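How do helices pack against one another, and what space is left between them? Look through the model below before reading on.

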Amino acid sequence: MGDQSKRQETPTPFEEALDQTGNGLYNVLLVMTSALILLAIGVDLFGFSLVVAAACDLNLTVTEKGILTSLPFVGILLVSYIWGYVSDKRGRRFALVVPLQISLLMSCIASLSPHWLVLGLAKFFCVCFSCAANSATYTLVGESCIQRVRSKYMLLMTCLLLLSPAAAGVLTYPTLKLNFAAEVPWLGIVFRPWRLLIIVLGLPSGVGAALMYFFYESPKFLFNCGRKEEALDALKGIYAINHWSSKNNYQVTSLTLEDEPPKKHMSLLKAMFEQAAPLFRRPYLWRSLQLFYIVAVVYITNNSFLVWLPYIMNIVRITFEKETAPSGGICALVTNKPDVTVTSNTTAKINTQEICLGTIEDNVILTLIASQATFAFLNFALSYLPHRRKAVLMAVLLMSSLSGSAINLVPNPIASVFFFMVFTGTCLGMGILASYFVDLYPTTYRGMVTCLSVMVGRSSTFFGINIVGNLIFNHCQVTFYMWSLLVLSSVVAAWFLPPDKPQTPKQGSP
C-alpha cells in the first residue's frame, strides 16, 4: 500500500502526462477553432484591400489607397513583439479571447469612418489587436496536443490560413452585390455595402474569440507560471473530453517540467528584452537566424508576387483578346505592351466603377479561389507526412526555385502563369516552419519566437511588395532569375535543419 502511494506521488514528466490525455474530440475542436481564427485574420487582412478599392465615395487618391492598404502591415510589425510577450506572460488563451473581441469592435467603428484617415486609424488598431492570434493559436495547439499529432495539426491549421484570400473574395462578392444606401446624418456619411463589408470581414474573428472562451488555457503555460493545480485540472479536463470519461480516471497526480523558468521582477521593457534576447544567444542563435531567414524568403516570395496576380491575369486576358495564339511568357507580355498606360488606366477606371457598383472581376476571384484551394489541398496532403517535414520543406522550396526560372523559359503565356503560381507556392512551407518553432524552443520562448517570425514575415512582405513592383515591370526576367536564386538559398538553409527522427530531450529543450 505504501509503495502504491509513493508511486502515485512521484511527479510525472509533463509530456508523458500530456500523452496520457490522448488525442480526441477536445483536440479536434481546438484545432478547428484555432484554424477558424487564423482564417479570420487572413480574411480581414486581405479583404481590406478590396474594401479600399470599393470605398469610392471617399474619393481616395492612389497615394491614399496605398497608405490605407499598407497600414495593416505596419500594425503587425509594431505590436507582434508585444503580443509575443503577453502570450508568454498572460497566457495563450488570453491573447486570443480578449484582443479578437476588441478587433471586432474596431471593425465596427471603422465601418462608420467619415474620413479616410479615420478609416486607416481604426483599421490600424483593429489589426494591432487581431494579430495577437498569429502566434498564440499555434502555441496553444502545440502545448495542448500530444507530440504524435502536433505537427500534423499545425499543417492542417495552415490549410485554412492559405484559403483566406479566397474566403475574403467569397465574402466580398455577395456583400458588394447588395444595393442600399442609408444616410447617417450625425456622422455625415452614407452607409453603403463597402462599409458593411468591413463588419462582415471582422465577424469571423469575433466568432473565433467566442468559441475559444470554452477551451482550457495551455496546461504547459499554467505549469510554467506556477499554477500547477490549474495545469493538472486542465489536463484532467482534456482527458475527460477525449475519453468521454470522468476526470477522476486520469492517473496523474503531480507534474514536473525541466524547462521551468526562474521568476524575476523587472520592468516591462526589460522583461520583453530578456524574453527575446536568449533567442539570439547560444544555443539558439544559429537556429533562430536559420529559421527567420527561411521565413523571410517564404513570405516575401509568396505575398510579394501574389499581389500582382490580378494585373498579370488581366494582361494575359487582353493579349488573348487581341491575338488568337499569343506567344511568350509573362515577361514577354509585360515587356511588349504598347498601350500599357492606356490599358492600365482604363482598366483601373473600369474596375473601380465595377467595384463601386458592387461587382468584382470574375476571372480574378476564380483564380484566387482555385489557386488558394489547390494550395490548401496540398497542405492537407502534406499534413500526413509529419515525419518527413524537412524533406517536404526542401522539396517545396526547390520546386518554387525551379518554377521561377521556368517562367522565363516557357514560350506559352498559360504555362508561364502556371509556373508563376507554383513559384508563389512557398506558402506550403508556412505550417512546417510553425511546427519547428514549437518543437525547437522551450515553452518559455515559444510565444515570443513565433511572434518574431510573424514580424519577420510581414516586414519582408512590406518591403518585398514595393521591390517587386519596381523590378518586375522594368527588369522582369532578371527579377525572376535572381529571386529563384534567393529561394534556392533557402533550400540550402533548410538542409541544415535538424532531422525529423525524435531525439532524447536535452536540458532547456521541450
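The model is predicted. Begin with helix α3, which covers residues 25-54, and helix α9, which covers residues 164-177. Their axes come within 8 Å and cross at roughly 45 degrees. An angle under 35 degrees would count as roughly parallel, and one of 65 to 115 as roughly perpendicular. The pair α3 and α9 is therefore oblique. The crossing in which α3 passes α9 is right-handed. On the side of α3, the contact uses L39, G42, V43, F46, G47, L50 and A54. On the side of α9, it uses S164, P165, A167, A168, G169, L171, T172 and L176. Sorted by class, the residues in this contact of α3 with α9 are ten nonpolar and five polar, with no charged ones.

How many cavities of 30 Å³ or more does the structure hold? There is one. The volume of the largest cavity is about 40 Å³. Its lining consists of I41, D44, L45, I76, K123, V127 and S130. Two helices, α3 and α6 (116-130), each supply at least two residues of this lining. Four of the lining residues are nonpolar, one is polar and two are charged.

Next comes V200, a residue in helix α10, which runs over residues 193-212. Which residues does V200 touch, if its neighbours within four places in sequence are left aside? They are L171 and T175. In sequence, V200 and T175 are 25 residues apart, while their C-alpha atoms are 8.2 Å apart in space.

From α19, the residues in contact are M399, S400, S403, G404, A406 and I407. From α20, they are S416, F419, F420, V422 and F423. By class, the contact of α19 with α20 has seven nonpolar and four polar residues, and no charged ones.

Helix α19 has another partner, helix α21, made up of residues 430-439. Here the axes are 10 Å apart and the packing angle is about 140 degrees. Oblique is therefore the term for α19 and α21. The crossing of α19 past α21 is left-handed. In this contact, R389, K390, V392 and L393 of α19 meet I432, L433, S435, Y436 and D439 of α21. The classes in the contact of α19 with α21 are five nonpolar residues, one polar residue and three charged residues.

How values were computed. Residues numbered from 1 in each chain as written. Predicted model: local features only at pLDDT ≥ 70, side-chain atom pairs only at ≥ 80, totals over all residues. Heavy atoms only, no water. Axes fitted to C-alpha atoms, helices over the stretch in contact; angles between N-to-C directions. Helix = DSSP H or I, 4+ residues; strand = E, 2+ residues; numbered from the N terminus. Parallel < 35°, antiparallel > 145°, perpendicular 65-115°, else oblique. Left-handed = near helix turned anticlockwise from the far one by under 90°. Contact = heavy atoms within 4.5 Å. Nonpolar A, V, L, I, M, F, W, Y, C, P; charged D, E, K, R; others polar. 1 Å grid on protein atoms, 1.4 Å probe; cavity = no way out; pocket = protein on both sides within 12 Å on 5 of 7 lines; lining within 4 Å. Points joined across faces, edges and corners; volume = space filled by probe spheres on them.
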